[in-house]
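Please view the sequence and the model alongside the text.

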Amino acid sequence: MKLTLKIWRQKNAATKGELKTYPIDGVEGDMSFLEMLDVLNEGLINNGEEPVVFDHDCREGICGSCSLQINGEPHGPDRLVTTCQLHMRMFNDGDTIVIEPFRAKAFPVIKDLVVDRSSFDRIQQAGGFISVNTSGNTIDANSIPVNKHDADDSFNAATCIGCGACVAACKNASAMLFTSAKVSQFALLPQGRIEATERVLNMVAQMDKEGFGNCSNTGACEIECPKGISLENIARMNREYLGASLKG
């Protein structure tokens, strides 16, 4: 395939960026999107030009670092996949593809397509832990009964990889889906109830402090999430937050 790539280039957060156009040829349908960018960068380097900076690590859909806005959609046109799992067969010969970083006040651009998502780390640090001893002489897991549905819902919430697609998809750049997933994975289990009140208050406060917007109730976050994190988690976090606020 022959494609035209319009890629956001920006030296750093303090510098004005712009879309630059790059033609690319010889793209195969079985290539992943990141492999296509590797081919582009190899050509740029051979021509003495600066390669496009983009973030990646596992390339297996686990780490969430490969977050790109592709034709206006976080992770591109496919569903339930990260950018590294997106294949070029989703595009057609002659297509123009616009590639941008995730845009949010709380995700400042580092360079080109790479953004700083350490705000997510600080939200987790505010309350994403339990005080139950899980090392050394651990308790047999089966000694604490957990409802099967609660266990499944907790596991599903814990599959959030913190890529930031929910923020990029939201018109208000809300982090409610991410934060609610991190609250829910503990709130649903007895081991997580000890810090439940403190956890939800602290994590929501940190989310607001980071500059994320309010929930827009459009559901775009769930649709664009590569792990299919449910909006039910937001409702659960709201209930947890209301209960915690009444206690405090």
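## What covers helix α1

The buried residues of α1 are covered by elements that include β1 (3-9), β2 (18-24), β3 (69-70) and β5 (96-100). Contact here means heavy atoms within 4.5 Å. Helices (H or I, at least four residues) and strands (E, at least two) are DSSP runs, numbered from the N terminus.

This is a predicted model: local features need pLDDT of at least 70, side-chain atom pairs count only at pLDDT 80 or more, and totals for chains, interfaces and linings use all residues. Residues are numbered from 1 along each chain as its sequence is written, and side-chain values use heavy atoms, with hydrogens and water left out.

Helix α1 covers residues 33-46, 14 residues in total. From first C-alpha to last it reaches 20 Å, close to the 20 Å expected at 1.5 Å a residue. The expected span is 1.5 Å times one less than the number of residues.

Which residues of α1 are buried? They are Phe33, Leu34, Met36, Leu37, Leu40, Asn41 and Leu44. Seen down the axis of α1, these buried residues fall within an arc of 150 degrees, so they line one face of the helix. The arc is that of the directions from the helix axis to the C-beta atoms. An α-helix has 3.6 residues a turn, so residues three or four places apart point the same way.

The face turned away from the buried side of α1 carries the exposed residues Glu42, Ile45 and Asn46. Buried means under 20% relative accessible area, exposed over 50%, and partly exposed in between (1.4 Å probe, protein chains only). Just after α1, Gly48 takes a positive phi of about 80 degrees.

## Helix α5, enclosed

Twelve of the twelve residues of α5 are buried, so this helix is largely enclosed by the rest of the structure. Among them are Met176, Phe178, Lys182, Gln185 and Phe186. Their packing partners are α2 (118-127), α3 (148-158), α4, α6 (196-209), α7 (220-224) and α8. The end C-alpha atoms of α5 are 15 Å apart, which agrees with the 16 Å that its twelve residues should span at 1.5 Å a residue.

## How α5 meets α8

Helix α5 (residues 176-187) packs on helix α8 (residues 232-247) at an angle of about 70 degrees, and their axes are 8 Å apart. Axes are lines fitted to C-alpha atoms, for helices over the stretch in contact, and angles run from 0 to 180 degrees between N-to-C directions. The two helices α5 and α8 are therefore roughly perpendicular (65 to 115 degrees; under 35 counts as roughly parallel, over 145 as roughly antiparallel, the rest as oblique).

The α5 side of the meeting includes Met176, Leu177, Thr179 and Ser180. On α8, the residues met include Asn233, Ile234, Arg236 and Met237.

Asp112 is not a glycine, yet has a positive phi of about 50 degrees. It sits in the loop between β6 (109-111) and β7 (114-115). Asp112 counts as buried, at 2% relative accessibility.

Ala173, also not a glycine, has a positive phi of about 50 degrees. Its place is the loop between α4 (165-169) and α5. Ala173 is buried, with a relative accessible area of 15%.

## The whole protein

The protein has eight helices and seven strands. Its C-alpha trace spans about 60 × 35 × 35 Å along the principal axes. Of the 248 residues, 44% are buried.
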